[in-house]
Structures are given as structure tokens and as C-alpha cells.
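The structure is shown first, followed by notes grouped by topic.

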Amino acid sequence: MKLSQFIDGLQIIQKHEKDGYCLRAEHDQFWVSSADLKMPTKDSKHLVELGWFQDEEADGWSAYV
């Protein structure tokens, strides 16, 4: 994942995250927010296009770096 894709994804999530959810990281994967974060379909599709995905086990949007 390119830095620009990571930053763009964080900015999309930040627009919809109201609880100030923290960023979590482990080895080569980041998690942000929760999997049930409410956002328009267009934004969630854009996140997927950027390389982000919903990690249901860890309960959040995730990206590999």
C-alpha cells in the first residue's frame, strides 16, 4: 500500500468516526475504528479501492503495509 492510499483511507474514516477511536498496529497491519462504522457506500467502496478492508475478527477497518 502506498502512503497516499493509507492517508486517504484515514481521512475517509476520520470524516465518519465520532468517538475518536484509536489507531492500532501489529507487525504489518493497521486497524482503525470499528467494523460497524456508519458511512456512505461510496466512501466504503473508495476505502476498498484504496486497499483497505473490514477485518471482522479484529472489529475494524484494516490495511496491510
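The backbone oxygen of F30 lies 2.9 Å from a polar atom of the S62 side chain, a polar contact (N or O atoms within 3.5 Å; within protein, one must be able to donate a hydrogen and the other to accept it, and residues adjacent in sequence count only if both atoms are side-chain atoms). The model is predicted: local features need pLDDT of at least 70 and side-chain atom pairs count only at pLDDT 80 or more, while totals for chains, interfaces and linings use all residues. Residues are numbered from 1 along each chain as its sequence is written, and side-chain values use heavy atoms, with hydrogens and water left out.

- S62 is found in strand β4; helices (H or I, at least four residues) and strands (E, at least two) are DSSP runs, numbered from the N terminus.
- With a relative accessible area of 0%, S62 is buried; buried means under 20% relative accessible area, exposed over 50% and partly exposed in between (1.4 Å probe, protein chains only).
- Leaving aside neighbours within four places in sequence, S62 is in contact (heavy atoms within 4.5 Å) with Q29, F30, W31, G51, W52, F53 and D55.

**Overall fold**

- The protein chain has two helices and four strands, and from the N terminus on its elements run α-β-β-α-β-β.
- The radius of gyration of the protein chain, 11 Å, is close to the 11 Å that the globule rule gives for 65 residues, so the chain is as compact as a globular protein of that length. This radius is taken over C-alpha atoms, and the globule rule is 2.2 Å times the number of residues to the power 0.38.
- The C-alpha trace spans about 30 × 20 × 20 Å along its principal axes.
- Of the 65 residues of the protein chain, 37% count as buried.
- Among contacts between residues at least 6 apart in sequence, 56% join residues at least 24 apart.

**Aromatic pairs**

- Rings of Phe, Tyr and Trp (its six-membered ring) pair if their centres lie within 6.5 Å; planes under 30 degrees apart count as stacked, over 60 as edge-to-face and the rest as tilted. By this rule there are three aromatic pairs.
- F6 and W52 form a stacked pair, at 5.4 Å centre to centre with 15 degrees between the planes. F6 lies in helix α1 (residues 3-16) and W52 in the loop between α2 (41-50) and β3, so the pair ties together parts that are 46 residues apart in sequence.
- Both F6 and W52 are buried.
- F53 and Y64 also form a stacked pair, at 5.4 Å centre to centre with 25 degrees between the planes. Because F53 lies in strand β3 and Y64 in strand β4, this pair ties together parts that are eleven residues apart in sequence.
- F53 counts as partly exposed at 27% relative accessibility, and Y64 counts as partly exposed at 44%.
- Ring pairs link F6, F30 and W52 into a cluster.

**Nonpolar core**

- In soluble globular proteins, nonpolar side chains tend to be buried together.
- A nonpolar core is a set of buried Ala, Val, Leu, Ile, Met, Phe, Trp, Tyr and Cys residues joined through side-chain atoms within 4.5 Å. The largest one here has eleven residues: F6, I12, I13, V32, L37, M39, L47, L50, W52, W61 and A63.
- The elements that give two or more residues to this core are α1, α2 and β4, and the largest share, three residues, comes from α1.
- Beyond its neighbours within four places in sequence, W52 is in contact with residues including F6, I13, V32, L47, W61 and A63.

**Helix α2**

- The buried residues of α2 are D43, S44, L47 and L50. Seen down the axis of α2, they fall within an arc of 120 degrees (taken from the directions from the helix axis to the C-beta atoms), so they line one face of the helix.
- What covers these buried residues includes α1 and β4, while K42, K45 and E49 are exposed on the other side of α2.
- D43 is buried, with a relative accessible area of 7%, and its side chain makes a polar contact with the side chain of K15 (3.4 Å).
- Not counting residues up to four places away in sequence, D43 touches I12, K15 and H16.
- G51, which follows α2, has a positive phi, near 110 degrees.

**The loop at E56**

- E56 is found in the loop between β3 (53-55) and β4 (60-64) and is exposed, with a relative accessible area of 56%.
- The C-alpha atoms of E56 and S34, 22 residues apart along the chain, are separated by 8.8 Å.
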